[in-house]
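Colleague: I am new to this structure and would like to learn how to read it, one feature after another. Could we look at it together?

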Amino acid sequence: MSTSPPEGAAVDDDRITADILKIAGVVVLGAIMSILDVTVVNVALPTFQTELSSTDEPLKYATVAWTATAYMLALAAVIPLTGWAADRFGTKRLYMAAIGLFTLGSVLCATAWNIEALIGFRVLQGLGGGMLMPLGMTILTRAAGPHRMGRLMAILGIPMLLGPIMGPILGGVLIDSASWHWVFLINVPIGIVGLVYASRVLPKDAPEPSESLDRVGLLLMSPGLALLLYGISSIPGEGTALAAKVIVSAVIGLALIAAFVVWSFKPKHPLLDLRLLGNRNLRVSLIVMFLFASAFFGALLLVPTYFQQVRGESVLMAGLLVAPQGIGAMLTMPIAGALVDRIPVGRIVPFGFLGILVGMLGLAQSTDPGTPYWHIIGWLFVMGLGMGGTMMPIFTSALKTLTSHEVARGSTLLNVVQQVASASGIAVISVVLTNGMQRGSVIPGSDKIPNVDGGLTPAQLASQSHTDQGGQLVQMLGVTPAQLQDGFSDLAHAFAQSYWVAFAVLVVTLIPVAFLPRKKEPAHLLDDQDQPPAMMH
């Protein structure tokens, strides 16, 4: 006589069954929607400036940038709530609700009649999108079991890597061939398929409604995180971290988060369970993730911009030129996923970091306007190889030794750290680039141009010269080809400085990487009550 495991329990063997792959497919669909939407919308910002303006004058970039900022702030506000909600309502129901909310938000965004409406609908979209990644990680880790987590996490890593690469390509194609509305409508068929797929494939789960909502924690953490990210995200627009807008928002946000840290050890079930930081693997992985994500994603965002501003490529071509990085990651990610199920993560991640460091070092020395494309593509490919062996093993290390009940809270912590790290890295690297472009004497006459504060340096003019408006400025100011070429050299140097900053942060990251586990440790993903019954004959 034999008994089979209860529905939804992860049988802790080494096989990846068809049922587990189906669950992974649902999670990947949700991740694709959430991540791809960020980069696709970034490409559409210049279009929003003209087409959503109520006058003949284009909207200010700072205004349309709120379509990206509002989405990110909504993400930040809802992520801390996800762990409690998953326990309260069950991961399946909550995941389907998140997909539905995101899809509804996408439809409403496509119907926006002005920029204010679009910003409001982006908040609704972000509330759904913010739950998709932490919930997806929870579902996947529970389905995989400790001996299969590495390989399943490698699957989840594909959209996380391809989002920044495919976004500009897809956005360019949709805007050029259709209209900006399709940047959002593209999510509708994916969302419908995801809902049907999830209803059929995801196992029923048993929510634990006995845990009460930490209302004090919610009032402290969610607005605190949103205000902190708002302050950090305002740095590039203000040009300095010392601006009042930055300092006030960030300080209030940090104060609320600090108050939450003090409070979180009082309730039995806090909104974010900081007691999990007692787990050494999770603690070290979070430190590595913060430093790594801030450097890597901050620098990654600049690569398509480099191809457009320094080399004059279109949005579509810039996306295609960055694609080798994703190809490199796709080659090593399945290998790293299989290895991390058998080898301690501390013996895998250092090799991945070596590839990233070599690639970033080569990239920092290849920004000159005359650098052959195959040089840059080669370094991006090497960086992708390293990326594939780094990111998902870190996630796996963080979650592998948690119990089934702790996974939702642990994945929420990981996603909060990743959001803050990515926003911080993008802000800091963008300021380094902006400050680098401001070096040099102002071009005579450029200070008299409307809407240009203080005039333009050669590097700033060069960055705009490939656009119609920038070309007109070059002619109006009487800039010679030699002067413009000097501007491109200054611009390339500014990009190089940005990559060097990212490289320095990655070198510092090697310190916590050295503390990742190098010995095989017991995995505790399953609670005692979740262990499958023994086979009896």
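Predicted model: local features only at pLDDT ≥ 70, side-chain atom pairs only at ≥ 80, totals over all residues.

Colleague: How should I read the packing of H3 and H9, and at what angle do they pack?

Modeller: An angle over 145 degrees counts as roughly antiparallel. Helix H3 (residues 66-89) packs with H9 at an angle of about 150°, their axes being 8 Å apart, and therefore the two helices are roughly antiparallel to each other. The crossing of H3 and H9 is right-handed. On the H3 side the contact involves Trp-66, Thr-69, Met-72, Leu-73, Ala-76, Ala-77, Pro-80 and Leu-81, while the residues of H9 that take part include Leu-218, Met-221, Leu-225 and Leu-229.

Colleague: At what angle do H4 and H8 pack, and how far apart are their axes?

Modeller: For helix H4 (residues 91-110) and helix H8 (residues 187-201), the angle is about 165° and the axes are 9 Å apart, which makes H4 roughly antiparallel to H8. Their crossing is left-handed. Among the residues that meet there are Met-96, Ile-99 and Phe-102 in H4, and Val-188, Leu-195 and Ala-198 in H8.

Colleague: How many residues does the largest nonpolar core have, and which of them have the most contacts inside it?

Modeller: As a general idea, in soluble globular proteins nonpolar side chains tend to be buried together. Here the largest nonpolar core has 122 residues, and Tyr-95, Phe-307 and Tyr-499 are those with the most contacts inside it. Helix H18 (residues 404-437) gives the largest share of this core, 13 residues. A second, separate core has 22 residues, among them Leu-36, Ala-117, Phe-121 and Phe-184.

Colleague: Which residues does Tyr-499 touch, leaving aside those up to four places away in sequence?

Modeller: Tyr-499 touches Ala-299, Leu-302, Val-303, Tyr-306, Met-360, Leu-363, Ala-364 and Thr-367.

Colleague: Is Phe-395 buried or exposed?

Modeller: Phe-395, found in helix H17 (residues 391-400), is buried because its relative accessible area is 0%. Phe-395 and Leu-286 are 109 residues apart in sequence, yet 8.8 Å apart in space, C-alpha to C-alpha.

How values were computed: Residues numbered from 1 in each chain as written. Heavy atoms only, no water. Core = buried A, V, L, I, M, F, W, Y, C linked by side-chain atoms within 4.5 Å. Buried < 20%, exposed > 50% of the residue type's maximum accessible area, 1.4 Å probe, protein only. Helix = DSSP H or I, 4+ residues; strand = E, 2+ residues; numbered from the N terminus. Contact = heavy atoms within 4.5 Å. Axes fitted to C-alpha atoms, helices over the stretch in contact; angles between N-to-C directions. Parallel < 35°, antiparallel > 145°, perpendicular 65-115°, else oblique. Left-handed = near helix turned anticlockwise from the far one by under 90°.
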